[in-house]
Amino acid sequence: MNSQELTQEQIQKYYKITPDPDEKNRACVLIEHGPFAGITVSFGKFQLAENEEEDGSIKARYEYEMIGIPPDFEDKKFTDEEGEEFEFMLGQIYIHILGEELEKQKEESEDGTTRRYDFQKPVI
């Protein structure tokens, strides 16, 4: 995989949502495909930059923690390029998860019966 934008269908095949092993109520995903398959990550804060880039894109910052590393990765050294690819992929996964959650909340608020806007607790 190279650092390119994946379609929504492609990105959702790269991961699956998994329960938080430490029961800290974090959003956790298991990477299922690519060079980082088997790594479990928990996501933390997500923040969009206030200003657009020259090309119209908006940068985002997010926190993550690797909480599950397969034994064959423990002593492996990754290049800077591989690290950038990993973080780019995590960013796409995080945005995909947020997009799905916002769609769920939009549907629930539009049905006229349910309103849920608790952004503190991820509902995955």
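Which residues does Ile31 touch, not counting residues up to four places away in sequence? Ile31 touches Tyr14, Tyr15, Phe36, Ala37, Gly38, Ile39, Met89, Leu90 and Ile93. Contact here means heavy atoms within 4.5 Å.

The model is predicted: local features need pLDDT of at least 70, side-chain atom pairs count only at pLDDT 80 or more, and totals for chains, interfaces and linings use all residues. Residues are numbered from 1 along each chain as its sequence is written, and side-chain values use heavy atoms, without hydrogens and water.

Ile31 also belongs to the largest nonpolar core, which has 17 residues. Such a core is a set of buried Ala, Val, Leu, Ile, Met, Phe, Trp, Tyr and Cys residues joined through side-chain atoms within 4.5 Å. Val29, Ile31, Phe43, Met89 and Ile93 have the most contacts inside this core. Strand E2 (27-31), strand E3 (40-48) and helix H2 (80-110) each give two or more residues. H2 gives the most, with six. Helices (H or I, at least four residues) and strands (E, at least two) are DSSP runs, numbered from the N terminus.

Arg26 lies in the loop between strand E1 (15-18) and E2. Arg26 is buried, with a relative accessible area of 18%. Buried means under 20%, exposed over 50%, and partly exposed in between (1.4 Å probe, protein chains only). The Arg26 side chain makes a polar contact of 3.2 Å with that of Asp22. Another, of 3.5 Å, joins the side chains of Arg26 and Glu65. A polar contact is a pair of N or O atoms within 3.5 Å; within protein, one must be able to donate a hydrogen and the other to accept it, and residues adjacent in sequence count only if both atoms are side-chain atoms.
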